[in-house]
Amino acid sequence: YHCFFKRKYSNSNQIFINGKSYEVDSWTNVTPKIISYIGKNLHLQKSHPLSLLRERITNFFYFHYKNNRGNPLFSVYDNLYPIVTVEQNFDNLLVPEDHVSRNKSDCYYLNSKYLLRGHSSAHENELIQSGLDNFLIFSDVYRRDQIDSSHYPVFHQVEGVRLFLRHELFSLNPDAEGSIDVFEKGVRTETKQEVHTYDAARVVEYSLKSSLTALVRHLFGQKVRWVDAYFPFTHPSFELEMKFNGEWMELLGCGVLEHQTLVKAGVEDKIGWAFGIGLERLAMILYNIPDIRLFWSTDPGFLNQFNVSDINTNVKYKPISIYPPCPNDISFWLPGNADEFSDNDFYDLVRTVAGDVVEQVNLVDKFYHPKKKLYSRTYRIVYRHMEKTLTQEEVNKVHRLVEEAAERSLEVKIR
Ligand code: FA5
Ligand code: MG
């Protein structure tokens, strides 16, 4: 997305985002800084930890849930527009008119009608209404929240929804199909809604919890605990917590969808569950990332640690040095027998000569010079000391050693 926050200084009564204008009113509290996050889509950025997690979660659902033709059951949406209406974010989800989550202090409003979505649940209604029964939504969400190592005003969620018709719910027990009902006119208890039978509610709760425990086991193989919770759009509702640095950390909220949310989406004959997971929280535990701010780091020292060829690689994040990086390029002509040259030869040489002050080495350019009949390579070496700021003089000295060693042992010619 291309976003513009046009500041009209004297009569600033419009906000322009992505070619659309929003009338400023007494609800407007979104800032240019927050708007600048729109379209960053960390969860779609190659090799970003949130993107790896998106792929792993998608694979889990593709692999474990197939329709009777053998195709994936869940459809995946990962690029829904983050500006939603108050209806989408709250009303469709039965959030009471006076609920605190609607407050200006909790959300980023464009005006009284539009806001940046506060959760991916904002899209449940439209997707159910379009006829979908099983889907995942990956999205960036925006909240005015505390700022600490596990909270950030922009974060990412994956939402999952699964709906069942009666015969789908009880398909595992065909004998029972005739006798077990989904709906009744009953009473609401701790475990079920008034419109649901006890049996149906328990089967859906079981399906929900076993899906999420299987997902978490697939990703971590670590201990979890279920906690009772409240959401206006699910009942019963639960949260799943996991140990992180010795403390229980809330990973997700979920529950059996309030029947009224389905009725609002034009579906009367189904029952189902939904969940919403904080992707950053999951990634922090999975990859040992100590601070949620790191997800926004553009430092290659962070990002390159997640540049893995197999998305299931168990990356354990190593803190990068707090001292500034010093990138220096090196360019050379390869010797005549160029096809014998491999990048790894050079990487090893750099490691050997320069040691731990090298944080990373990347190939940035290569070409063939037809007249000279020679191949060229350019690498960027990022020098960074773990305990101090390197001076340019110190860097130059090491860099020269690398150049000399390359000429000597790789028979290249520095350009
Ligand atoms: C929700 O957002 C509900 N929409 C979840 C849900 C979906 C419930 C479907 C029922 C059915 P909650 O506000 O608890 O719930 O947020 C869900 C998860 O997002 C949390 O468990 C946490 O992992 C993550 N999260 C919440 N706030 C932040 C934040 N400021 N920074 C990072 N992660 C956050
Ligand atoms: Mg919560």
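## A look around ligand 1 and the FDX-ACB stretch

Strand β10 is the biggest giver to the shell around ligand 1, supplying six residues. Here a residue is near a molecule or strand if its C-beta atom, placed from the backbone, lies within 6 Å of it. Helices (H or I, at least four residues) and strands (E, at least two) are DSSP runs, numbered from the N terminus.

Before going on, some housekeeping. This is a predicted model, where local features need pLDDT of at least 70 and side-chain atom pairs count only at pLDDT 80 or more, while totals for chains, interfaces and linings use all residues. Residues are numbered from 1 along each chain as its sequence is written, and chains are lettered from A and ligands numbered from 1 in the order in which they are written.

### The ligand shell

Which residues come nearest to ligand 1? Of the 23 around it, they are H119, F155, G253, G276 and G278. At least two shell residues come from each of β7 (154-164), β10 (247-257), β11 (271-278) and α8 (279-287). Sorted by class, the shell looks like this (Ala, Val, Leu, Ile, Met, Phe, Trp, Tyr, Cys and Pro count as nonpolar, Asp, Glu, Lys and Arg as charged, and the others, Gly among them, as polar):

| Class | Residues in the shell around ligand 1 |
|---|---|
| Nonpolar | eight residues |
| Polar | nine residues |

### F164 in β7

Strand β7 also holds F164. Is F164 buried or exposed? F164 counts as buried because 21 C-beta neighbours lie inside 10 Å; the cut-offs are 20 or more other C-beta atoms within 10 Å for buried, 12 or fewer for exposed, and partly exposed in between, with C-beta atoms placed from the backbone. Skipping neighbours within four places in sequence, F164 is in contact (C-beta atoms, placed from the backbone, within 7 Å) with L169, V204, K270, I271 and G272.

### The FDX-ACB stretch

An unreviewed UniProt entry annotates residues 321-415 as "domain: FDX-ACB"; such annotations may be inferred rather than shown by experiment, feature names are shortened, and positions follow the numbering used here. That stretch, residues 321-415, is 32% helix and 34% strand.

Now for a sheet: four strands form an open one in the order β13-β14-β12-β15, with antiparallel pairing. Its edge strands, pairing on one side only, are β13 (358-369) and β15 (413-414). Two strands pair if DSSP finds at least two bridges between them. Antiparallel strands β12 (residues 326-333) and β14 (residues 374-383) are joined by eight bridges, and P327 has V382 in β14 as its bridge partner.

Definitions and conventions:
Contact = placed C-beta atoms within 7 Å.
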